[in-house]
Amino acid sequence: MLRFLLFPISVVYGAVTIVRNALYDSRVFKSSSFDLPVICIGNLSMGGTGKTPHTEYLIRLLSEKYKVATLSRGYGRKTSTFVLAGEDDTALTIGDEPLQYFRKFKNIKVAVEKRRVMGVLFTLHHAEDTEVIILDDAFQHRALNAGLNILLTDYNQPFFRDYILPVGDLREQRKGADRADLVVVTKCPDTISTDEIQEFQRNISVSNENIFFSSVNYKGIYEGKSGELLASKLGDFKVLLVTGIANPKPIEEYLQNRGVEFEAIHYGDHYKFKKKDVENISKKFDTFTASKKLILTTEKDFSRMLLISDFEKLPIYCLEIEITILNDKENFDKKILEYVRANQRDRELPEGEDEL
């Protein structure tokens, strides 16, 4: 009810986004393109649609055949300029999601830059052999014209049932979905029905063959620092779930469905952990009387926990998340691979770009 009292602000915000998009559509505002495959993964809402695991899906799909670079804003970092991730970087220098990509995938380049056009230029300058760039969360960054736009929308809160900020969570009007080449409905139940699929297809403007559905697959649990997989069943442990993500509900449902006894401490999305949080988590964990117990968190949260050395004293395990395409995975992969194959670079960078 409180949100709807902010409706006048929502109208103004929505009008601003309409004008901005119209200026890009009419080419009054310039949008830059590049002569290599640039794939954008984004959404219309503020967050929680699963951009990180879907970005990782593309990395796995493409990195065995192509030299891949990811480019993110680097939300929450303390640096302000372009950074190409290296071994000394932390969540403070590149952000938690880029750090996760860097730690998990050793055969790609990971870059951060708020200005996406400059980010592409700098990436190509520092990693000239890059063949594909994946833009993480850049659907509204229209100064850069990606060759393939993949829009994510949450099964539980699809954009066509949502409203513009601050009444709802949309960053722009629902019509923005028309810019998408592919739409993925995320966090679906494995048993999504034909009727549900058809409802989404009716409410999404792209053709049905370009609408896909994905579910979350919790692949495994490993010790945060060592990477060693948990040898026993998670159900043998009393679990303290600690998260700082937009929507921890799916993880709680995962634990409940497997009969895991757990308690939870939730922080805000991209929360910056502090020493006092270690103390609070430790106190809560010490109240567990079970002989076998552990602390469970997400890979993204663990990237930020690494900044606080006191966390090393605690038995923290990470829950690895992957996504599964539920309908026509072969066609989804084919569309992405065909786009990349058809748009490979066939010439050197234009003169002057090597002077960046």
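A salt bridge is here a side-chain nitrogen of Lys or Arg lying within 4 Å of a carboxyl oxygen of Asp or Glu. The structure under discussion is a predicted model, and it holds 23 salt bridges. One of them is formed by Arg142 with Asp25, where the closest N and O atoms are 2.8 Å apart. This pair links distant parts of the chain: Arg142 belongs to the loop between strand E5 (132–136) and strand E6 (148–154), Asp25 belongs to helix H1 (residues 7–25), and 117 residues separate the two. The surroundings of the partners can also be compared. Arg142 has a relative accessible area of 14% and is therefore buried, as the limit for that class is under 20%. Asp25, by contrast, has a relative accessible area of 53% and is therefore exposed, the limit there being over 50%.

Asp137 pairs with Arg171, with 2.9 Å between the closest N and O atoms. Asp137 is in the loop between E5 and E6, while Arg171 is in the loop between E6 and strand E7 (182–186), so the contact ties together parts that are 34 residues apart in sequence. Asp137 counts as partly exposed because its relative accessibility is 24%; Arg171, at 17%, counts as buried.

Asp178 and Lys175 form another salt bridge, in which the closest N and O atoms are 3.1 Å apart. Asp178 is partly exposed, its relative accessible area being 39%. Lys175 has a relative accessibility of 62% and so counts as exposed.

Salt bridges also join into a network, whose linked members are Glu56, Arg60, Lys104, Lys219, Glu299, Glu320 and Glu322.

Strand E11 pairs with strand E9 (residues 238–243) in the parallel sense, over 4 bridges. Within this pairing, Leu241 has Leu296 of E11 as its bridge partner. Strand E11 is also joined by 4 bridges to strand E12 (residues 316–325), and these two strands run parallel. Here the bridge partner of Thr298 is Leu319 in E12.

The loop between H8 and E11 contains Thr289. The C-alpha atoms of Thr289 and Lys238 are separated by 8.7 Å, although the two residues are 51 residues apart along the chain.

Lys272 is part of a surface patch of positive charge, in which it gathers with Lys78, Lys274 and Lys276. Why does Lys272 count as partly exposed? The reason is its relative accessibility of 39%, a value that falls between the limits of 20% for buried and 50% for exposed.

Conventions: Residues numbered from 1 in each chain as written. Predicted model: local features only at pLDDT ≥ 70, side-chain atom pairs only at ≥ 80, totals over all residues. Heavy atoms only, no water. Patch = residues over 30% accessible without salt bridge, like charges linked within 9 Å, V, L, I, M, F, W, Y side chains within 5 Å. Areas by Shrake-Rupley, 256 points an atom, 1.4 Å probe, with all protein chains shown as cover. Lys, Arg positive; Asp, Glu negative; His and termini not counted. Charge placed at Lys NZ, Arg CZ, Asp CG, Glu CD. Buried < 20%, exposed > 50% of the residue type's maximum accessible area, 1.4 Å probe, protein only. Pairing = 2+ DSSP bridges.
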